[in-house]
Amino acid sequence: MGAGASAGSNGQLLPPNKNPAAIPIFTGLKALQAKLVEEGSWTEGDREEIEGLLAKARIFYDSQIEGAKRVQPQLEAKLAQAKDDFCAMYGMVFKMVQQDAAYSRAMEAADRLEAAIAERGPRTRQVVNQIDVLYETSALKQKPPFDEMVHRLGEDTKAIDIKVAPLKSLERAFEKTAMKKADDNRFDSDRLLDLVRGMLVFQTMEGVAAALEALENSKEF
């Protein structure tokens, strides 16, 4: 639901993507993203259009965040219930996963990867802090080699399923930049690190460990 949920006319909590005021904005962003994927770039007219839509989106989310403050008790109650339900289910699954013989090996590999990333310096950020430029100049170009890497890693480690996703929707990516506790970095896009993404599925933690170790030893990493 996010911090931007507000109350509809019937008193029910209304998430941003269900708000009639936002539908033209989101529809426009979706159409422009589809055009970018199909044609590989935007025209100057497209760029002007997306700048206008993003300006409207900023105004919309600012108003939603202010509106959410008026229903904060309701939002907090829903969040608390969702956390209770999720944690109970997650806890049971986690106990089962921990019993796998390769669990410790996988966690050790994950820790090494995390340490290797930390050694590279400051926290990873995008070099571009403008979401439309980030999509056109970086995400679109990085997707093919990323997808290839995910497929190769999955095949080498015998994943039972290899999944690559479309580019994250502009609507959802912008929403992530809007939902910040601090006003000073709201709408900054330099922390969007999952515009391209993929997933490998394994039946056992041994497969997870093998994939993490392969990634650790990869020149691409």
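Me: What covers the buried residues of helix 6?

Reply: The cover includes helix 1 (23–39), helix 2 and helix 5 (131–156), where contact means heavy atoms within 4.5 Å. Helices are DSSP runs (H or I, at least four residues) numbered from the N terminus. This is a predicted model, in which local features need pLDDT of at least 70 and side-chain atom pairs count only at pLDDT 80 or more, while totals for chains, interfaces and linings use all residues. Residues are numbered from 1 along each chain as its sequence is written, and side-chain values use heavy atoms, with hydrogens and water left out.

Me: Which residues of helix 6 are buried?

Reply: They are Leu170, Ala173, Phe174, Glu175, Thr177 and Ala178. Buried means under 20% relative accessible area, exposed over 50%, and partly exposed in between (1.4 Å probe, protein chains only).

Me: At what angle do helix 2 and helix 6 pack?

Reply: Helix 2 (residues 44–70) and helix 6 (residues 170–178) pack at about 50 degrees, and their axes are 11 Å apart. Axes are lines fitted to C-alpha atoms over the stretch in contact, and angles run from 0 to 180 degrees between N-to-C directions. The two helices are therefore oblique to each other; angles under 35 degrees count as roughly parallel, over 145 as roughly antiparallel, 65 to 115 as roughly perpendicular and the rest as oblique.

Me: Which residues make that contact?

Reply: Helix 2 contributes Ile50, Leu54, Ala57, Arg58, Tyr61 and Ile65, and helix 6 contributes Leu170, Phe174, Glu175 and Ala178.

Me: On to the rings. How many aromatic pairs are there in the whole structure?

Reply: A search finds seven. Rings of Phe, Tyr and Trp (its six-membered ring) pair if their centres lie within 6.5 Å; planes under 30 degrees apart count as stacked, over 60 as edge-to-face and the rest as tilted. Among the pairs is the tilted one of Tyr61 and Phe174, at 6.0 Å centre to centre with 45 degrees between the planes. Tyr61 lies in helix 2 and Phe174 in helix 6, so this pair ties together parts that are 113 residues apart in sequence.

Me: Are Tyr61 and Phe174 buried or exposed?

Reply: Both are buried. Ring pairs also link Tyr61 and Phe174 with Phe26, Phe60 and Phe187 into a cluster.

Me: Where do Tyr90 and Phe94 lie?

Reply: Both are in helix 3 (residues 72–98), four residues apart, about one turn of the helix. Tyr90 is partly exposed at 48% relative accessible area, and Phe94 is partly exposed at 31%.
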